[in-house]
Amino acid sequence: MLGKMQDWDLLVTNVIDHAAREAPTREIVTHWADGSETRTDWTGIRRDALKMAQALEALGIKKGDRVASLAMNHARHLVSWFGVAGMGGVLHTCNPRLFEDQLEYIVNHAEDKVMIYDAAFQPIVDKMRDKWPTVEHYICFDSGEHTTSFEDWIGAQDGDFEWVDGDERDPCMICYTSGTTGNPKGVQYEHRSTLLHALAGLQPSTFNFTASSVMLPVVPMFHAASWGLPYAGAMAGIKFVFSAVNDPAVLDEVMKTEKVTDSAGVPTVWLAHFQYCDANNLELPKLRAATIGGSAAPRFMIERL
């Protein structure tokens, strides 16, 4: 049990502690762009988050400092959601689809001190590095060909770390809008509001997660806090399946292989999946629920799903 509400603050660290305690071996699967896969579990996510928090402190990052990510959906990115908050930092999930001037603006406006990114976005980092004067450290989620790799970076720590104590109204994440007039607008999430949102997401009329749920989120982790899925999933101790690419052929195979029960994405995701299955005479994956956001789902899409 999470405990009586009056006995603990609504902190992100409480959620990862809960997941590792109550669903320690529930899998977190990542299918990478090169076709390989890695598997961990909630115990491993918590262990790596502790190491990441320790590594951030070793860099001189302080409580309240902003740490940016420029990454797709995968387990290492999930670790950062808990590791940054665990040392009192604020995770800024950057949208790699923004224009260069917008990426320049949001990183400087947030005053990010660390940038952790996927190797696929190395060209963006190379182009923007001189335009991000506040960023002091660059770490790659993948190999260390161009800079320190994430695994090497946290691997230098022993994980003997206690979460930084904080207030539930402290910030834990920043997201910026896209597609708006003028500069992107920043939204700062508190621990409390974030976890209340995740609790609401567990309800039957929303994600309706149970311990048997297997979720493949297509909504990016850099978009609107991935609709709160990482936190709601940790609360319920579900199995997560991440795909670093959103090609419908890959998603279809992964959903069927990993026996995915739930997924979430915008309508165009499902349109592309329909087209792929129709062109290849395949049945749709047997999902229990498909959550659709961003824009209204057409009636034919609802009926087919």
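Guide: Let's start with A225: its relative accessibility is 7%, so A225 counts as buried. One thing to keep in mind is that this is a predicted model.

Visitor: Why is 7% enough for A225 to be called buried?

Guide: Buried means under 20% relative accessible area. A225 has 7%, so A225 falls in that class. You'll find A225 in the loop between β10 (214-217) and α8.

Visitor: Is N281 buried or exposed, and how do you know?

Guide: Exposed means over 50%. N281 has a relative accessible area of 73%, so N281 is exposed.

## A threonine in a loop

Visitor: Where is T261, and what makes it buried?

Guide: T261 lies in the loop between α9 (248-257) and β12 (262-265). Its relative accessibility is 18%, which is under 20%, so T261 counts as buried.

Visitor: Why is the link between T261 and D262 called a polar contact?

Guide: A polar contact needs a pair of N or O atoms within 3.5 Å, and residues adjacent in sequence count only if both atoms are side-chain atoms. The side chains of T261 and D262 are joined at 2.5 Å, so the pair passes. The side chain of T261 also reaches the backbone nitrogen of V214, at 2.8 Å.

## Sheets and their edges

Visitor: What makes β2 and β13 edge strands?

Guide: Picture an open sheet of six strands in the order β2-β1-β11-β10-β12-β13, with mixed pairing. β2 (37-41) and β13 each have a single partner strand, so one side of each has no neighbour in the sheet. From one strand to the next, the twist averages 15°.

Visitor: How do you know that β10 pairs with β11?

Guide: Two strands pair if there are at least two bridges between them. Two bridges join β10 to β11 (residues 239-243), so they pair, and they run parallel.

Visitor: What makes you say both faces of β10 are covered?

Guide: V214 and L216 on one side are buried, and so are M215 and P217 on the other. In a regular strand, side chains alternate between the two faces of the sheet.

Visitor: Which strands are at the edges of the seven-stranded sheet?

Guide: That open sheet has the order β7-β6-β5-β3-β4-β8-β9, with mixed pairing. β7 (148-149) and β9 (186-190) are its edge strands, as each pairs on one side only. Inside the order, β5 (residues 112-117) and β6 (residues 137-140) pair in the parallel sense over four bridges, with V114 opposite H137 in β6.

## A helix side and a core

Visitor: How do you know that the buried residues of α7 are on the same side?

Guide: The buried residues of α7 (residues 191-201) are H191, T194, L195, A198 and G201. They cover an arc of only 110° around the axis, which puts them on the same side of α7. What covers them includes α1 (12-22), α3, β8, β9 and α8 (229-236).

Visitor: Which residues have the most contacts inside the largest nonpolar core?

Guide: W42 and F82 do, in a core of 58 residues. Helix α2 (residues 42-58) gives the most to this core, with eight residues. Apart from it lies another core, of 22 residues, among them A68, I106, F121 and C140.

How values were computed:
Residues numbered from 1 in each chain as written. Predicted model: local features only at pLDDT ≥ 70, side-chain atom pairs only at ≥ 80, totals over all residues. Heavy atoms only, no water. Buried < 20%, exposed > 50% of the residue type's maximum accessible area, 1.4 Å probe, protein only. Polar contact = N/O pair within 3.5 Å; in protein donor to acceptor, adjacent residues only side chain to side chain. Arc of directions from axis to C-beta. Contact = heavy atoms within 4.5 Å. Core = buried A, V, L, I, M, F, W, Y, C linked by side-chain atoms within 4.5 Å. Axes fitted to C-alpha atoms, helices over the stretch in contact; angles between N-to-C directions.
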